[in-house]
Amino acid sequence: MGLCAGQIRQGRAVAFHHFRHGFRRASTGNGRLKARLEHPVLGYSRWNHEDFKGAIESWYQRRFDVQIDKNAIVYGPSVIYIIAKLIEKWSKPGEGVLFQTPAYDAFDKLVEGAGRRCVRNPLIKTDAGWNVDWALLESQLADEQTKVFLLCSPHNPTGRVWRKEELARIAALCDKHGVALISDEIHMDVAFKPHTPWLGFGMQNRWALVTSASKSFNIPALNGAYAFIPDDNARNDYLFKLKEVDGLSSPSILGVIGMMAAYNEGEAWLNSLNGYVHESHELVRNTLKSAFPAVNYQVPDATYLAWIDLSPLNLDMQKLQSDLIEHFNVAIMDGGVYGEAGKGYVRLNLGCPRSKVQAGLEALIGAVKLQLAG
Ligand SMILES: Cc1ncc(COP(=O)(O)O)c(C=O)c1O
């Protein structure tokens with residue numbers, strides 16, 4: 001029996017495959033959310049005001065030590081929605097959108113769904129972490145059919161935080177070959193090394209930074225994301241689509257309030273979350289190392305996702321999945337969901353209490369041992 005989505009939905013398997021973390025969100029925003037719900041009117045709402053933009057500006061100052069241009073901020077219902085609109089703007093059907101693999105599976109879907117072509121740039125795994133294949137990257141960017149680089153920064157699922165020099169090198173290559181750059185920074189807040197926001201790196205105007213507080217603060221159900229689009233033409237085009245074409249410019253009021261509360265009041269909570277998640281990564285490394293010395297799990301630079309390479313064990317990954325469900329009642333995402341480059345990996349979500357991480361690890365080790373014994 002394979003992994004059954006119904007089972008997971010009904011809560012019968014302990015799930016580690018989610019795209020978000022499972023900690024209780026910061027309670028700091030509760031009062032504000034409740035107070036808004038007490039208001040007798042829940043009409044259309046606005047995002048283009050100082051409270052919203054100021055909360056973002058202040059977050060970037062405090063967290064990343066950078067000054068953003070508030071005029072470049074736009075709201076969107078989700079990160080993927082904004083990215084999809086920018087891809088439509090900066091490429092035509094049949095043209096290429098480059099992203100590094102393994103990749104969050106929505107990237108494939110959104111690029112192909114828009115009738116564009118996926119240009120996959122595989123990251124190289126070394127003993128010291130994940131690296132860019134620069135020669136391949138340059139040849140792919142030099143292809144005149146490649147129009148957009150969809151960067152994931154920090155990178156999901158490897159958790160790589162890109163260094164400033166790497167970002168500057170990417171910017172120079174994109175500029176040289178006339179490729180627009182969209183930086184998806186939804187994982188920016190759970191990072192164990194300093195994250196550098198993409199704010200152009202000297203690149204001409206065809207770039208955007210797209211992000212949201214939803215993932216870090218566990219509020220995606222409230223809806224909402226935002227982006228910096230410095231180019232007036234691209235920004236106005238985006239706003240036209242949001243408002244006139246798609247009819248989505250009135251944000252979820254709870255999403256706006258939730259995001260402002262997260263940025264204005266949630267920093268201490270986020271800092272302790274980062275420390276806790278980092279310790280969970282260390283637990284994964286140590287536990288796997290003692291169970292299977294061949295598995296060399298490295299603590300990533302960022303994210304609450306443990307991207308675990310089981311390929312040294314030569315496992316039947318389909319059997320691993322069914323054993324996890326059947327014998328251990330646990331669902332852990334198969335790396336193959338993240339494309340060819342994810343084969344032989346599993347992705348364990350560490351955004352949960354330590355006891356649950358331990359239970360997930362025990363199940364994983366048990367299922368692997370079962371297979372190795374049989
Ligand atoms: C890299 C990345 N981008 C975007 C998203 C989804 O964001 P949204 O729900 O706001 O579209 C995710 C969710 O896992 C993600 O990992």
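Biologist: How many residues does helix α4 (residues 79-90) have, and what makes its reach close to the expected one?

Modeller: In this predicted model, α4 has 12 residues.

Biologist: Which residues of α4 are called buried?

Modeller: A residue is buried if 20 or more other C-beta atoms lie within 10 Å of its own. In α4, the buried residues are Val 79, Ile 82, Ile 83, Lys 85, Leu 86, Ile 87, Lys 89 and Trp 90.

Biologist: How do you know what span helix α10 (residues 267-291) should have?

Modeller: Helix α10 has 25 residues, so at 1.5 Å a residue it should span 36 Å. Its end C-alpha atoms lie 36 Å apart, which agrees.

Biologist: Which residues of α10 are buried, and what covers them?

Modeller: Leu 273, Val 277, Ser 280, His 281, Val 284 and Leu 288 are buried in α10. Their cover includes β11 (305-309), β14 (345-349) and α12 (354-373).

Biologist: Why is α6 called roughly parallel to α7?

Modeller: Helix α6 (residues 134-142) packs on helix α7 (residues 164-177) at an angle of about 25°, and their axes are 9 Å apart. Angles under 35 degrees count as roughly parallel, so α6 is roughly parallel to α7. The crossing of α6 past α7 is right-handed.

Biologist: Which residues make the contact?

Modeller: From α6 come Leu 137, Glu 138, Leu 141 and Ala 142, and from α7 come Leu 173, Cys 174 and His 177. By class, five residues of this contact of α6 with α7 are nonpolar, one is polar and one is charged.

Notes:
Residues numbered from 1 in each chain as written. Predicted model: local features only at pLDDT ≥ 70, side-chain atom pairs only at ≥ 80, totals over all residues. Axes fitted to C-alpha atoms, helices over the stretch in contact; angles between N-to-C directions. Helix = DSSP H or I, 4+ residues; strand = E, 2+ residues; numbered from the N terminus. Parallel < 35°, antiparallel > 145°, perpendicular 65-115°, else oblique. Left-handed = near helix turned anticlockwise from the far one by under 90°. Contact = placed C-beta atoms within 7 Å. Nonpolar A, V, L, I, M, F, W, Y, C, P; charged D, E, K, R; others polar. Expected span 1.5 Å × (residues − 1). Buried ≥ 20, exposed ≤ 12 C-beta atoms within 10 Å, placed from the backbone.
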